[in-house]
Amino acid sequence: MTYLLILSLCAQVIIANMSNKQETEAEKLLQAQIKVECVVYSQDSLYSNKLSKAKSNSPKPSANGSIQEMSYHLQAYYKIVSNRLADQIPMVIRCYILNEFADKLRIEMLQLIQD
């Protein structure tokens, strides 16, 4: 019984350490992704499509056309970035928290049992 208790405590420590490490790695990747989004870039076809939608949603052109045009561009790019981040954040979480964590945990538990 004592061996199982020690094994359980060791497993809990390993899981906690691995969880913290995976969370830190995922957070770094997400921060890098957000930093990358500071560089204004999008595929031309995707950007053109979003820009057309932004312009079509506008009620009427204003007297100050250049400000209105900039507003269309910002709306289009904001939509692209928000969609991109909405897709990528769950993928990062799935990758680091679920897949990699499960693989590393399996290896660590087998190593713990063998020791």
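The model is a predicted one.

- A11 touches M109 and L112, once residues up to four places away in sequence are set aside.
- As general background, nonpolar side chains tend to be buried together in soluble globular proteins.

**A buried glutamine**
- Q22 sits in helix α1.
- With a relative accessibility of 2%, Q22 counts as buried, because the cut-off for that class is under 20%.
- Beyond its neighbours within four places in sequence, Q22 makes contact with Y96, I97, E100, F101 and K104.

**Helix α2**
- This helix covers residues 44-56, 13 residues in all, and reaches 18 Å from its first C-alpha to its last, close to the 18 Å expected at 1.5 Å a residue.
- K50, L51 and A54 are the buried residues of α2.
- Viewed down the axis of α2, its buried residues fall within an arc of 105°, so they line one face of the helix.
- S45 and S56 are exposed on the other side of α2.

**Cysteines**
- You will find zero disulfides in the structure.
- C10 is partly exposed, at 31% relative accessibility.
- C95 also counts as partly exposed, with a relative accessible area of 31%.

Key:
Residues numbered from 1 in each chain as written. Predicted model: local features only at pLDDT ≥ 70, side-chain atom pairs only at ≥ 80, totals over all residues. Heavy atoms only, no water. Contact = heavy atoms within 4.5 Å. Disulfide = S-S within 2.5 Å. Buried < 20%, exposed > 50% of the residue type's maximum accessible area, 1.4 Å probe, protein only. Helix = DSSP H or I, 4+ residues; strand = E, 2+ residues; numbered from the N terminus. Expected span 1.5 Å × (residues − 1). Arc of directions from axis to C-beta.
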